[in-house]
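Here is a quick tour for someone new to this structure. Have a look at the model first, then read on.

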Amino acid sequence: MNILFNDHVIAINEIFSLQDILLQQGYLNQAIAVSLNRQFIAKQNHATTYLQENDQIEIISPMQGG
Amino acid sequence: MWNLAGIHLSSRLLLGTAQYPSLQILGDAVTAAATNVITVSLRRQLAQKNSGDMFFSTIRKLNCHLLPNTAGCRRAEEAITVAEMAREIFSTNWIKLEVIADEYNLQPDPFELVKAAKQLNARGFTVFPYCTDDLILCQRLRDSGCEILMPWASPIGSGKGIINPYALEVLRTRLPDCTLIVDAGIGKPSHALQAMELGYDAVLLNTAVAAARDPVNMARAFNYAVQAGRLAYQAGMMAERNMAQPSTPLIDTPFWQQEMR
């Protein structure tokens with residue numbers, strides 16, 4: 001099935017968790033937050049949150065701010 | 001030393017981290033400002049993976065408390081989501097709550113602000129709402145659980161300084177137990193000094209330092225201005241009067257007996 005990861009279409013297995021995709025894309029143990037379909041998913045729920053067709057994942061990272 | 005949300009701080013200057021010519025200059029400016037609190041933000045990570053890592057590792061070395069903001073949010077729900085993300089990334093309950101309503105002057109939306117503040121306070125955040133200088137809005141934010149308020153001096157990045165000193169004075173008078181921080185619109189050290197003379201607890205600024213020709217020395221200048229303003233407030237300023245009064249006693253000075261025309 002396909003999902004949208006940071007605006008890029010990615011094909012993944014049927015049973016794939018948020019943690020799996022973060023591991024696959026090289027984001028594990030980084031200072032990031034994750035939104036799934038515009039909802040924040042806390043880190044402790046990454047392993048138990050399973051992805052579905054057309055899910056949209058965005059990686060949020062620190063930046064300069066005033 | 002003073003207390004901000006339970007943390008003892010030596011500086012009353014809070015500094016933003018945006019718009020500096022380089023990360024090196026940002027770090028040097030933070031050091032020159034002698035600040036203890038710096039603001040940070042979040043963004044969607046698209047093309048450049050790990051682009052936030054260099055910034056984050058730089059600011060972590062500065063040993064400052066981090067105050068993440070919710071810049072760019074227009075609805076309470078968006079601000080709450082960003083606050084939750086910031087708490088996870090930066091490991092802090094502090095959140096500078098920004099909910100903007102107008103594109104031209106980036107004026108905060110008072111209704112969405114109170115709505116978001118109420119929910120964030122209930123979720124255990126220490127909310128630093130960026131607000132206008134409207135007394136009733138500030139009272140509503142207090143009612144929602146905010147112990148810190150950050151009224152603007154003037155619109156973000158305008159550098160106009162305090163455009164309504166009366167309103168800021170009223171806030172200080174009517175909310176004597178609230179931690180009040182002037183945020184946004186400060187353009188030069190004299191503006192920060194004026195805010196501190198009014199009895200404000202601290203000043204938060206960014207562009208005035210970052211956009212200076214020499215950001216590091218401007219940061220130093222703001223450090224001195226904030227200290228001077230606080231000292232002046234504590235020392236108690238003389239009352240203004242219309243009639244001149246000689247500072248030098250005139251009795252027994254040469255020609256003291258001459259009549260004034």
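What follows looks at one strand and its partners, then at a pair of helices.

This is a predicted model, where local features need pLDDT of at least 70, side-chain atom pairs count only at pLDDT 80 or more, and totals for chains, interfaces and linings use all residues. Residues are numbered from 1 along each chain as its sequence is written, while chains are lettered from A and ligands numbered from 1 in the order in which they are written.

Let's start with strand β10 of chain B, residues 202-205. Strands here are DSSP runs of E with at least two residues, and helices are runs of H or I with at least four, numbered from the N terminus. Both faces of β10(B) are covered: A202(B) and L204(B) are buried on one side, V203(B) and L205(B) on the other. Buried means 20 or more other C-beta atoms within 10 Å of the residue's own, with C-beta atoms placed from the backbone.

Two strands pair with β10(B), pairing being at least two DSSP bridges:

| Strand | Residues | Bridges to β10(B) | Direction |
|---|---|---|---|
| β3(B) | 13-16 | three | parallel |
| β9(B) | 179-183 | three | parallel |

V203(B) sits opposite L13(B), and V203(B) is also the bridge partner of V182(B).

Now the helices: α4(B) (residues 110-122) and α5(B) (residues 135-143) pack at about 15°, axes 9 Å apart. Axes are lines fitted to C-alpha atoms over the stretch in contact, with angles from 0 to 180 degrees between N-to-C directions. The two helices are therefore roughly parallel (under 35 degrees).

Methods. Buried ≥ 20, exposed ≤ 12 C-beta atoms within 10 Å, placed from the backbone. Parallel < 35°, antiparallel > 145°, perpendicular 65-115°, else oblique.
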